[in-house]
Structures are given as structure tokens and as C-alpha cells.
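Student: Hey, can you walk me through this one? I have not seen it before.
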Amino acid sequence: MTVAAYVEQLGREQPTRQGLPAQSRPFLFSTIALAVALSIVASTSSSWGHVRWTDFAVLVVAAAVAQLFAAHIAGNQLFHTGLAFTVAAALLLPPELVVAVCVAQHLPDWLRQRYPWYIQTFNIANFVVSGLTAWAVRVGMADLGLHFAVKPAAASVGVAASAGAAFVLVNHVLLAQMLKLSRGHDLRSTGLFSVDGLITDLVLAATGIAIAFALLREPALALVTALPLVLIHRALMVPTLREQAFRDHRTGLLNTRGIEQVADEELARARRFGRPLSVLMCDLDGMREFNNRYGHLVGDAALGAIADALRAQLRNFDLCARYGGDEFLVVLPETGLEEARAVGQRVAAHLMRSRVRAAEGDPLAVRVSIGAATREESDTSLHELIARADAAMYDAKPMGDVPAVALA
């Protein structure tokens, strides 16, 4: 598991509009400082007498490629199989090269995804700390007379297993703490210490151990040993396909089922921490006219224009869904009523500049009616909040062509 998940977790869930949330910063900088300190300390005790440069090159390339083929899994987390190659590096390489593998494997993904600096920096620091912990376990057990890849075989496997388990444990602890600070998740909600969460990464670590043994004894077998990673990756794509069932195929937004679960979680978090939360209900004005007069393709284009306006004006941690035929639901964490009104007005203003093309005549304007409501202490369910926003939305309709947002 990697905190590349943190890109979307943070973006979608954080009560901030600007960069790194304040409560996460001390932990981020502490993790970076720890990674740097461990790198310096470990480098003073390393030996370059028997560096296997071919193994280093193989592991760097393989880890970077694995990092590029990531799968989104449950909990909005990002999974990749590069962990296996990092564990192998911790078993085979001196600490400086372990750090080099951790850094290099993230660079292609960073260049491709263009994550904010703090996201991928935490990813790298997390892997460096985890990798050097695994390396330290290997070296510490060697001081006790238990060496990796030296007979007896049982002791060698025990060393490797201990190092791999240490990597997974540290990686999950750091990630869980970051998600707690940035999201308010407890351990259970992260899934990082569930049976499935642990087994998946422990299996990856075991694969990394097998790769390390293969590189030491019979390098040609390393490719065969790594093949199960392809199966693991493919298996993890199944939840991705399941997630697609919660998307509206016309707009790419969440559908009703897709938003209700995550919105209920947001409402529960807002109640638990006493934080504001607002919703917007947006309705396309004249949907029937679009369909009857211009055809369903033009009606679909109008829906797409609304979806585009919402994506353009909402934060990346706001939740948005096509909630019905011509209705859209927006959930705004950490947002009060007046701020929600401002968001709605920006959406309406954006749409005033939008046009959809019909087969004949001038481009058509797209207009919406928007109602806003904010969480009250008496709210026990999301539907109560939606009902108030829905009623306010209908109050907005008589306002005609002037973009306005009615408040519940």
C-alpha cells in the first residue's frame, strides 16, 4: 500500500482549499526529517565492497514500471506492486542504493501524475523509512549471526520474512497516521490493518523475498518469480470495475448509489467533529424542452455542460453526483451556508458562459436552479439535508434568467 492514495484522500477529504492541511504538516515534515536522518546514519555503516549493480538496475526499472501501473482500490487508495521490488532492494543492496530505489521508483509516476510536491514527497519518505527499517532488521539479525541468503535456509528465510514484515508494518503505520491527521480516519476505517489490507502487502513482500533469492542464486528465475505480481495487479482491478458501477456514464460523475455512501460518511465525520457541511441541489431548467424540441443528444449535452461547470468550480474533495434525470447533488465538506451559496453562484455564472449546439439555430444557453442547505445538529441523515436543499431549489426557479441560489 502506498500513500499515493493520499493524493486523492487529501484532495477529496481535507477541510482546506489551499494545499497541505495545517494539521498534517508537522507529521509530513517529521517523516521527511526521519527519512533523511535514517539515510545519513545508515550510510555511515554500509559497505560497498560487494554491490550488485545489475541487481540494482533491475530493481530500479522494475519498481518504476510497477509504480506506473497503479490500481485504485477500496477506500480511495492507490495500490501498486512496486513494494515487492523495494523489499528485494532492502535485502540485497546497501542503504544508499535502497534509498535510490525508493526515490527513483516514484519519479516516473510523479512526472506522469503531476502530484503536488507534498504528496509524492511523503510517498518517497514513507518508502525510505520503511525500506531502511527492513534493511536495519536484516543487518541487525546478521549481527546476531543470522544472515540472509546464507545457510541454514530456515534462518535465511526468517531474516527475509522479518525484514519484509517490518517494511509493511512501518509503511502502514505512517500511512495510517497521515490519514488520521488529514482525514480523521481511525485504524478501522483506513482498512490498513484489516486482514485483507495486511495480507495483500505481506504477499507482495513475500514475492519481493522470492525475487531477492532468485537474483542471488539464479537471476534468470527472477522474471518468473515476479510473474505473480501481474496476477495480483489484475485481481485488484476487479474493485475498480465495481467502482465504475457507481458512476453515471453520461456525465462521469457519481450516481445516486455512488454518492450516498461517501456522503453519509462525510456527514458522520462532520457530526463527530462538529464541523460544517452543506449540500447543493442543482436542477437543469427546461430539460423537457431540450429533449422534446432539440432531441435527447442536445439534452445530454446540456447535462454534460452542468457536469463540466461543477467540475470546474468545485474543490477536488467535494462530492458531486448526477442524482436524478436532470438533478445534481453536491456535498461540500467544511462549508457553511453562505460559502455554499457562493459556490452555487459560481456554478450558475459558469453556466451563463456555456452554450450547447443544436442541429439548427443559435447555440443554446444552459441554466440551473440551485438550492443550498447546511448541516444542523438535529439532522440524523443525509436525506433530511437533501430535502431542505431540494425545497430551496424549487424556490429558486421563479427567479427566471438571473442566476441565483436559494437557501434552505
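This is a predicted model: local features need pLDDT of at least 70, side-chain atom pairs count only at pLDDT 80 or more; totals for chains, interfaces and linings use all residues.

Student: Is Glu 334 buried or exposed?
Tutor: Glu 334 is buried, with a relative accessible area of 11%. The cut-off for buried is under 20%.

Student: What about its backbone? What is the phi of Glu 334?
Tutor: The phi is positive, about 55°, although Glu 334 is not a glycine.

Student: Next loop, then. Where does Arg 353 lie?
Tutor: Arg 353 is in the loop between helix H15 (337–352) and strand E6 (355–356). Its relative accessibility is 62%, so Arg 353 counts as exposed. In sequence, Arg 353 and Ala 365 are twelve residues apart. Their C-alpha atoms are separated by 7.9 Å.

Student: And Arg 250, where is that?
Tutor: Look in the loop between H11 and H12. Arg 250 is partly exposed, at a relative accessible area of 47%.

Student: How far is Arg 250 from Ala 307 in space?
Tutor: C-alpha to C-alpha, 9.5 Å. Along the sequence, Arg 250 and Ala 307 are 57 residues apart.

Student: Which residues of H12 are buried?
Tutor: Gly 258, Ile 259, Ala 263, Glu 266, Leu 267, Arg 269 and Ala 270. They cover an arc of only 160° around the axis, so they sit on the same side of H12.

Student: Why would residues a few places apart point the same way?
Tutor: An α-helix has 3.6 residues a turn, so residues three or four places apart point the same way.

Student: And which residues are exposed on the other side of H12?
Tutor: Arg 257, Gln 261 and Arg 272 are exposed there.

Student: What caps the N-terminal end of H12?
Tutor: Asn 255 does. One of its side-chain oxygens lies 3.3 Å from the backbone nitrogen of Arg 257.

Student: And just after H12, what is there?
Tutor: Gly 274, with a positive phi of about 65°.

Student: Now H13. Which residues are buried there?
Tutor: In H13 (residues 287–294), Met 287, Phe 290 and Asn 291 are buried. Down the axis, the buried residues fall within an arc of 90°, so they line one face of H13. Arg 288, Asn 292 and Arg 293 are exposed on the other side of H13.

Student: How far does H9 reach?
Tutor: H9 covers residues 195–217, with 23 residues. Its first and last C-alpha atoms are 33 Å apart, close to the 33 Å expected at 1.5 Å a residue. Its buried residues include Asp 201, Leu 204, Thr 207, Ile 211 and Leu 215.

Student: Switching to the surface. Which residues make the nonpolar patch?
Tutor: Leu 221, Val 224, Leu 227 and Val 230 make a nonpolar surface patch of about 370 Å². Val 230 is found in helix H11 (residues 228–244).

Student: Last topic, charges. How many salt bridges are there?
Tutor: The count comes to twelve. One of them joins Asp 379 and Arg 388, whose closest N and O atoms are 2.8 Å apart. Asp 379 is at 1% relative accessibility, so Asp 379 counts as buried. Arg 388, at 22%, counts as partly exposed.

Student: What does Glu 376 pair with?
Tutor: Glu 376 and Arg 388 meet in a salt bridge, 4.0 Å from N to O. Glu 376 lies in the loop between strand E8 (368–374) and helix H16 (382–396), and Arg 388 lies in H16, so the pair ties together parts twelve residues apart in sequence. At 39% relative accessibility, Glu 376 is partly exposed.

Student: And Arg 375, what is its partner?
Tutor: Arg 375 forms a salt bridge with Glu 377, with the closest N and O atoms 3.6 Å apart. Arg 375 is buried, at 12% relative accessible area, whereas Glu 377 counts as exposed at 66%.

How values were computed. Residues are numbered from 1 along each chain as its sequence is written. Side-chain values use heavy atoms; hydrogens and water are left out. Buried means under 20% relative accessible area, exposed over 50%, partly exposed in between (1.4 Å probe, protein chains only). Helices (H or I, at least four residues) and strands (E, at least two) are DSSP runs, numbered from the N terminus. The arc is that of the directions from the helix axis to the C-beta atoms. A polar contact is a pair of N or O atoms within 3.5 Å; within protein, one must be able to donate a hydrogen and the other to accept it, and residues adjacent in sequence count only if both atoms are side-chain atoms. Patches are made of residues with over 30% relative accessible area and no salt bridge: like charges are joined within 9 Å, nonpolar side chains (Val, Leu, Ile, Met, Phe, Trp, Tyr) within 5 Å. Accessible areas come from the Shrake-Rupley method with a 1.4 Å probe; for residues, only the protein chains shown count as cover. A salt bridge is a side-chain nitrogen of Lys or Arg within 4 Å of a carboxyl oxygen of Asp or Glu. The expected span of a helix is 1.5 Å times one less than its number of residues.
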